[in-house]
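Work through the exercises below with the model open. Try each task before reading its solution.

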Amino acid sequence: SFSFQSDPEPVDENVGDAAAQTPTRMDPRCKTVDVEKDLVDWQKPLLWQVGYLGEKYDEWVHQPVDRPIRLFHSDLLESLSKTAWYVVFMVWAPVVLYLSWVSYTSLAQGNTRLFSSFTTEYSIPVHKYYFPFIFLLGMFLWSLLEYLIHRFVFHMKPPASNYYLITLHFLLHGQHHKSPFDSSRLVFPPVPASLVIGFFYGVLQLLLPEVLGLSVFVGGLCGYVVYDMMHYYLHYGSPKKGTYLYGLKAYHVKHHFEHQKSGFGISTRFWDHPFRTLIPEETFEKED
C-alpha cells in the first residue's frame, strides 16, 4: 500500500525512554533495530556517531527504522531540532500576511520601477496590480529551490572519509530517511529555518529593487510554508484515492522506500520532468 504510518507516535525527550519505546505498529518496510549489533549505539545521541560509519553510512541511513531518534546531548539543542507541524504555520503564516501587506502598499505608492538603476528614461513602472503575479513568481521559484535543495543538498552523498559532511548530511536530511515516522522531525524548525530564510531574503534584496525583492520573497516564503505542510500531510494524511495529494503521497512513499535517487519533488513533480529524475510510472501500476 501507499501508506506511511497513519498515527504519529509521541516522541520522548529522554534517550533511554525513546530507545525503549516500541511503536504500536511496525511498518513492514522498516528494519527492526538490533541494539546489540547495530552500527550505532541507540542509547546515545546519534549525531556525533554517524560520521564514524564511513563507507557504511550511505547504506545504513537508507535502511529506515520505525523509532524516534535523539540527535543531541543538550536538551535545548534537541528541542530546537524538533517541531510540531502547526508551529511552522503559526510562526510563518503571519509573516507572509504582514509582508504581503507591506509589499502591496509599497507598490501602491507608485515609486517602484524596473531597470531604474540602468536607465531612468526606459525604466518600467511596477503597479500594485502586479503584486499577485510577482507573488506567484516567488512561489514558482520556491518550487525550483525546493527541488534543488532536496536533490543536491539533502541527497548529496557525503565522502566516506569526511566525518563532518556525513554528520551534516545526517542533521539536514539523513535522520529523516533513517526514521521517516518521527512526526517531530517532518518540518523545518523555525530557529534554523529563520537563518536560511534570512539568507535568501538578503540575496533577493541584492538582486532586485527593494519592494520587488520583498514581493518575490514573500511568495517564496508562502511556497515554503505550503511545502512543509504538504510534506507532513504526505506522511500522516490520508488523501482520497485518485486525488492530486494521493498521487504525491504515493510518489513520496516510493522516494523513501525504493527510489531514494529520484522523485525529489515534494509539493509538485514538475521539476522531476526536466531534470529527468521522475520515478517510473510502472512502479505505481504494479502496486495498484
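The exercises that follow treat a predicted model.

**Exercise 1. Fold inventory**

Task: Find how many helices and strands the protein chain has, and state their order.

Solution: 
- Step 1. Count the elements. The protein chain has 10 helices and 2 strands.
- Step 2. The order is α-α-α-α-β-β-α-α-α-α-α-α.
- Step 3. Check the contact range. Take contacts between residues at least 6 apart in sequence; 70% of them join residues at least 24 apart.

**Exercise 2. Surface and burial**

Task: State what percentage of the residues is buried, and what percentage of the accessible surface belongs to carbon and sulfur atoms.

Solution: 
- Step 1. Apply the cut-off: buried means under 20% relative accessible area.
- Step 2. Of the 288 residues in the protein chain, 49% are buried.
- Step 3. The accessible surface comes to about 15,400 Å². Carbon and sulfur atoms account for 64% of that area.

**Exercise 3. The largest pocket**

Task: Give the volume of the largest pocket, then describe its lining.

Solution: 
- Step 1. The largest pocket holds about 1,200 Å³ of space.
- Step 2. Its lining has 45 residues, and the closest to the centre are Ile149, Phe154, Phe188, Val196 and Tyr224.
- Step 3. Assign elements. Two or more lining residues come from each of H3 (75–80), H5 (131–154), H6 (163–178), H7 (190–207) and H8 (210–236). H5 gives the largest share, 11 residues.
- Step 4. Sort by type: 34 nonpolar, 8 polar and 3 charged.

**Exercise 4. The second largest pocket**

Task: Do likewise for the second largest pocket.

Solution: 
- Step 1. The second largest pocket has about 260 Å³ of space.
- Step 2. Its lining counts 15 residues; His62, His155, Gln260, Lys261 and Phe264 are the closest to the centre.
- Step 3. Helix H2 (57–61) and H5 each supply at least two lining residues.
- Step 4. The types divide into 5 nonpolar, 5 polar and 5 charged.

**Exercise 5. Nonpolar cores**

Task: Locate the largest nonpolar core and trace the contacts of Trp92.

Solution: 
- Step 1. The largest core has 36 residues. Trp92, Ile197, Phe217, Leu221 and Tyr224 have the most contacts inside this core.
- Step 2. Helix H4 (85–108), H5, H7, H8 and helix H9 (244–257) each supply at least two core residues. H8 gives the largest share, 16 residues.
- Step 3. Set aside neighbours within four places in sequence. Trp92 then contacts Pro190, Ala193, Ser194, Ile197, Leu221, Tyr224 and Val225.
- Step 4. A second, separate core has 15 residues, including Leu47, Val65, Ile166 and Phe170.

Methods. Residues are numbered from 1 along each chain as its sequence is written. This is a predicted model: local features need pLDDT of at least 70, side-chain atom pairs count only at pLDDT 80 or more; totals for chains, interfaces and linings use all residues. Side-chain values use heavy atoms; hydrogens and water are left out. Helices (H or I, at least four residues) and strands (E, at least two) are DSSP runs, numbered from the N terminus. Buried means under 20% relative accessible area, exposed over 50%, partly exposed in between (1.4 Å probe, protein chains only). Contact means heavy atoms within 4.5 Å. Accessible areas come from the Shrake-Rupley method with a 1.4 Å probe; for residues, only the protein chains shown count as cover. On a 1 Å grid over the protein atoms alone, a cavity is a set of points where a 1.4 Å probe fits but cannot get out, and a pocket is an open set with protein on both sides within 12 Å along at least five of seven lines; lining residues have an atom within 4 Å of a point. Grid points are joined across faces, edges and corners, and a volume is the space filled by probe spheres set on the points. Ala, Val, Leu, Ile, Met, Phe, Trp, Tyr, Cys and Pro count as nonpolar, Asp, Glu, Lys and Arg as charged, and the others, Gly among them, as polar. A nonpolar core is a set of buried Ala, Val, Leu, Ile, Met, Phe, Trp, Tyr and Cys residues joined through side-chain atoms within 4.5 Å.
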